[in-house]
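Please work through the exercises below with the sequence and the model open beside you. Each task is followed by a solution that goes step by step.

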Amino acid sequence: MFALFSSLESGVIYAIMALGVYLSFRILDFPDLTVDGSFVTGAAISATLIVNGHNPFLATIAGMLAGFIAGCLTGILHTKGKINPLLSGILMMIALYSINLRIMDQRSNVPLLGEDTSFTLITGFWQKLGIDGAVNNVFTAIGLGESLPKTWGIFIIMAIVTLLIKFAADWFLRTEVGLAIRATGDNKRMIRSFSANTDSLTVLGLGLSNALVAFAGALIAQYGGFADVGMGIGMIIIGLASVIIGEALFGTKSIGRATLAVILGAVVYRIIIAFALQIEFFETGDLKLITALIVVCSLVLPKLLDARKEQARKAKRRQLHRQALERKGEEIAATKIGS
Amino acid sequence: MLQLKSVHKIFNEGTPDEKIGLSNIQLVLEPGDFVTIIGSNGAGKSTLMNVISGVLYPDMGELLIKGKNVLNLPEHKRSRFIGRVFQDPMAGTAPTMTIEENLAMAYARNKRRSLRRGLTKKSREFFQEAVKTLHLGLENRFTAKVGLLSGGERQALSLLMATFTEPDILLLDEHTAALDPSRAALITNLTREIVSKHGLTTLMVTHNMQQAIDLGNRLIMMDKGQIILDVDEKSKKQLTVERLLEEFKRIRGEKMASDRALLS
């Protein structure tokens, strides 16, 4: 139960990163590997600023801005430098590794123990409200008293923040600029013929995407109590897993539905991982392998299921056809013209 | 309205694959002119379209729209005053977006895009009225994704999107070639209707000689990157497919190369 709750907590934070990946991967149709680097950049900047005594909220926003710049640079590499999307992301990711080390003053890890982070401030504020007691009383009353979390504050406030970002993204994607960004990922030639500059729209889209990723990185660093230079490895795959799981489970009918699906996908992913790690065979180090397997399964399984359904349908049709033939005999044969 | 002065374009210059795209193109379109362009494969028709729309840059020459030189404007800036419909029905619309969203993007052509809502109640009503003129019932499927429409419906929508902001120049690049005959006829009629309603200055490339003769007030024939025949409104009325082929033979001293052009 406790593992489940902490996956809910980290799930709503990682959901912000997943929204960023959704923006680049789905909306712009740009598989952007910058994410692995910009996640750490957000974490490194916020952690370093916090250790140096700056306000944690401002530190988080600074991390987010750095992510925006990193994303824009990837976009410029691709649009102006004409470098293939995957390669421009990888180049940026590698470059960011060194930059992140510089930000953290050549240390691979910046601990935040004993510092005031966004979350200690949130928890402090929350405990003054006294909602925890009331909620916990309800849970104790229905017999779930033993496994209660320390505070509900982080989960509830982060859920609100994530939903606010979701609604902001929904709104943005319906503005004139947002529509043009979506069309850029859908049909570049078309939107260029309607006077949209696809280059700058790609740069803007990647910037926003990586701003969200870095924002999540900054929050995860404060949530976990440290920033680590390796914390971004495989982040793009986690983001993809969240997007794909969410879309498969909750649908993509409209933009609002799709962004909600991505958030829920991120939470479901965390829960799957929590359960997988409960299995004794797995070590913590197997996390990335499990993630990769989840992504592979969620990419391959739907296709296999579709193929099987299609086969079943064809078999049924063949059978119906055969029965019809037996009943009608020659009536079905093509009419012949001439001798 | 549109003026091309000594436009040259060579592909792969200095290599064994060197090919003349356009050679000394001189062309003036008056406001309201509807010019059809015919020619065999590789005659330079599409190259001409791409040079005007800014996809390709010519090696030499001038290009003026409303007396202003637009050669240094990139493609997306030129599209403020150039409407285009492509041959591929999939090319002119965004498939994962709805009909109304596609219309909204087309409508923002000659404005600066901002953070205003892409679709308002007022613009929706306007789009409804516009789509009704297509007589395809699309007004009842406004929130359907465009990818669900048939090729003909998508091409009709592309045509509407390219024209309802009344661009200075309309470029139609074989926009009926990928459709079956009945759909092609529908789009041809819509084209005639829309162009005359807004009085658009239009350049239309086609492989179909009969279509080129039926539509528009002027006809141009291209071959090997040159304009070899320019038929004005008066002579065009007496034009037939046979006369066109004879004319080609007389000018070039050889038969027209394209089977496709002959068959259609």
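**Exercise 1: a helix pair in chain A**

Determine which residues of helix 8 of chain A meet which residues of helix 10 of chain A, and describe how the two helices pack.

Solution. On the helix 8 side of chain A the residues are Ala180(A), Ile181(A) and Thr184(A), and they meet Thr198(A), Leu201(A), Thr202(A), Leu204(A) and Gly205(A) of helix 10 of chain A, where contact requires C-beta atoms, placed from the backbone, to lie within 7 Å. By class, this contact comprises 4 nonpolar, 4 polar and no charged residues; Ala, Val, Leu, Ile, Met, Phe, Trp, Tyr, Cys and Pro count as nonpolar, Asp, Glu, Lys and Arg as charged, and the others, Gly among them, as polar. Helix 8 (residues 176-186) and helix 10 (residues 198-224) of chain A pack at about 100 degrees with axes 9 Å apart, the axes being lines fitted to C-alpha atoms over the stretch in contact, and the angles running from 0 to 180 degrees between N-to-C directions. That makes helix 8 of chain A roughly perpendicular to helix 10 of chain A, a term covering 65 to 115 degrees.

The model is predicted: local features need pLDDT of at least 70 and side-chain atom pairs count only at pLDDT 80 or more, whereas totals for chains, interfaces and linings use all residues. Residues are numbered from 1 along each chain as its sequence is written, while chains are lettered from A and ligands numbered from 1 in the order in which they are written.

**Exercise 2: the sheet of chain B**

Solution. Strand 4 (residues 60-65) of chain B pairs with strand 5 of chain B over 2 bridges, and Ile65(B) stands opposite Lys68(B).

**Exercise 3: the interface**

Find how many residues of chain B are in contact with chain A, and which helix of chain B gives the most to that side.

Solution. 26 residues of chain B are in contact with 20 residues of chain A. Helix 3 of chain B gives the most to this side, with 4 residues. By class, the side of chain B that touches chain A has 9 nonpolar, 8 polar and 9 charged residues.

How values were computed: Parallel < 35°, antiparallel > 145°, perpendicular 65-115°, else oblique. Contact = placed C-beta atoms within 7 Å. Pairing = 2+ DSSP bridges.
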